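Below is a short report on one protein chain, to be read alongside the sequence and the coordinates.

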Amino acid sequence: MDFKRLTAFFAIALAIMIGWEKMFPAPQTAPAPGQAAQQQRQTVATASAEAALAPATPITVTTDAVQAVIDEKSGDLRRLTLLKYKATGDEHKPFVLFGDGKEYTYVAQSELLDAQGNNVLKGIGFTAPQKQYSLNGDKVEVRLSAPETNGLKIDKVYTFTKGSYLVNVRFDIANTGGKPANLSADYRIVRDRSQPEGQGYFTRSYLGPVVYTPEGGFQKVSFSDLDDDAKSGKSEAEYIRKTPTGWLGMIEHHFMSAWILQPKGGQSVCAAGECGIDIKRRNDKLYSASVGVPLAAIPAGAKAETAVNLYAGPQTTSVIAGIADKLQLAKDYGKVHWFASPLFWLLNQLHNIIGNWGWAIIVLTIIVKAVLYPLTNASYRSMAKMRAAAPKLQAIKEKYGDDRMAQQQAMMQLYKDEKINPLGGCLPMLLQIPVFIGLYWALFASVELRQAPWLGWITDLSRSDPYYILPIIMAATMFAQTYLNPPPTDPMQAKMMKIMPLVFSVMFFFFPAGLVLYWVVNNLLTIAQQWHINRSIEKQRAQGEVVS
């Protein structure tokens, strides 16, 4: 792909994505009948939780995969460090997903509500038998117990599993009173809108709440929409409010957190009725994605339990696809997921065979180039014929000078004589746009490339090349392409075509090495293809053959 067409490629792709969003906005979802009461209960619960981030006694849980910090009093999961992943900003430190408010706020909360939507343990905290827990076997359990209150004895139990980012959060309830207890559980993920480390202008992905329901599919609920709701006092953000199953949470580049309402192959926690979804900006300017789970009435003297799984970890497709239906949609490919998803599937299959993500990217690029060969070949042949006719076009320009009408007529006659279609390469280029953008996002969004080595100095394909070798090679290939393509007739445009490869290359200095590797291989294949076509057409013209 020559640089002039590459520039047009990005511009057209951006216009298509923005235009599609404006012309076909997602449908507004109206609240279901009878939903107001559930939303009111969740509003009360959210308001009561807004003071829950006060300093408290931490309980630390360490497994082979995570280190979690639980607030003993509230039972909130305040901090979560992913021990197998390096921090984006400092690869000598582990990656911290949840934050307790010191640097940023990102926590998971859960509580039991009474029939009026009030926290049944308001003002009464949990206690734990110890402050440090370590994995010794396949599982480690942390039991937090609250004193008996209003005829209820409640324990909150966290269960962490070896090698897993799935945490089970369970309430054990004993009704010691003389009448049935009507309760519901509320599970929330609360976050500020601060950008994660490593988010640049050209390498930024969606950050914010998401929800999946069978009725509404996968929906993003942006911070901006929630800000508008907070200003207007109306709940107009577009998402399903009531659901019998699904999941909801927060996503960012490479990582996510989600409450799972129905595990893959299991029963929905909403069995006693529909669960209510509530996503909003709170009064403290934090953002909350919560789900209310109604429980069956607990008879006097009876016991019950309710448990929901929390997934908090990397967006590894092979892992999250097995946790809940459509959870892999949290791996955000943007508007081109129809192309990016199958391309990543192919990349993953190649990795399973080759065993190295870098070489898998190279083979994938070759395969995509081969599949698109008929389209690119037509485009490059058109460019090659234009390049071969460049001296005649220059002669026409010099002959007619400022007489634009005569110049255009002479050029059109030349195109006709030489069997050149000036627009011959446009349609093939347009058809390639979704494929190339899909491949870009398949690589950019894949946490599987994080800390994945390729060759020598490239030890992490998700980080930029530490010595800028790949960007420099890319700059060289882009300069080479400018000499293989027809020169612009406008001198100023010709100068710009010489400068722009340098500009693009500087931008790619900050791109993940995996993406730059793809572009380098693609450019090398393009150079080989264009050189072969140019040589073939020049040979045909030299022999007096008709070039078709």
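## Overall figures

The model is predicted, not experimental. Its secondary structure comprises 13 helices and 18 strands. The protein has 548 residues, of which 51% count as buried.

The exposed surface comes to about 25,500 Å², and carbon and sulfur atoms supply 59% of that area. Among contacts between residues at least 6 apart in sequence, 67% join residues at least 24 apart.

An open sheet is built from 8 strands in the order 7-8-9-18-15-14-11-12, and the pairing is antiparallel. Its edges are strand 7 (139-145) and strand 12 (217-220), each of which pairs on one side only. From one strand to the next, the twist averages 20°. In general, strands of a sheet pair through backbone hydrogen bonds, either parallel or antiparallel.

Within this order, strand 15 and strand 18 (residues 303-314) are antiparallel partners joined over 6 bridges. Trp259 stands opposite Leu310 of strand 18.

## Helix 9

Helix 9 covers residues 404-418, which is 15 residues.

Which residues of helix 9 are buried? They are Ala406, Gln407, Ala410, Met411, Leu414, Tyr415 and Glu418. An α-helix has 3.6 residues a turn, so residues three or four places apart point the same way. Directly after helix 9 comes Lys419, with a positive phi near 60°.

## The disulfide

The structure holds 1 disulfide. Cys270 and Cys275 form this link, with an S to S distance of 1.9 Å. Is the disulfide left-handed or right-handed? The torsion about the S-S bond of Cys270 and Cys275 is about -110°, so the disulfide is left-handed.

Both cysteines fall below the 20% cut-off for buried residues. Cys270 has a relative accessibility of 6% and therefore counts as buried. Cys275 is buried as well, with a relative accessible area of 0%.

His254 is not a glycine, yet its phi is positive, at about 80°. His254 sits in the loop between strand 14 (247-252) and strand 15 (255-260), two strands that are listed side by side in the sheet order. With 4% relative accessibility, His254 counts as buried.

Lys326 is another residue other than glycine with a positive phi, here near 65°. The loop that holds Lys326 runs between helix 4 (317-320) and helix 5 (337-354). Where buried means under 20% and exposed means over 50%, Lys326 counts as partly exposed because its relative accessibility is 41%.

A relative accessibility of 43% makes Gly137 partly exposed.

How far apart are Gly137 and Thr63 in sequence and in space? They are separated by 74 residues in sequence, while their C-alpha atoms are 9.7 Å apart.

How values were computed
Residues are numbered from 1 along each chain as its sequence is written. This is a predicted model: local features need pLDDT of at least 70, side-chain atom pairs count only at pLDDT 80 or more; totals for chains, interfaces and linings use all residues. Side-chain values use heavy atoms; hydrogens and water are left out. Helices (H or I, at least four residues) and strands (E, at least two) are DSSP runs, numbered from the N terminus. Buried means under 20% relative accessible area, exposed over 50%, partly exposed in between (1.4 Å probe, protein chains only). Contact means heavy atoms within 4.5 Å. Accessible areas come from the Shrake-Rupley method with a 1.4 Å probe; for residues, only the protein chains shown count as cover. A disulfide is a pair of cysteine sulfur atoms within 2.5 Å. The expected span of a helix is 1.5 Å times one less than its number of residues. Two strands pair if DSSP finds at least two bridges between them. Axes are lines fitted to C-alpha atoms, for helices over the stretch in contact, and angles run from 0 to 180 degrees between N-to-C directions.
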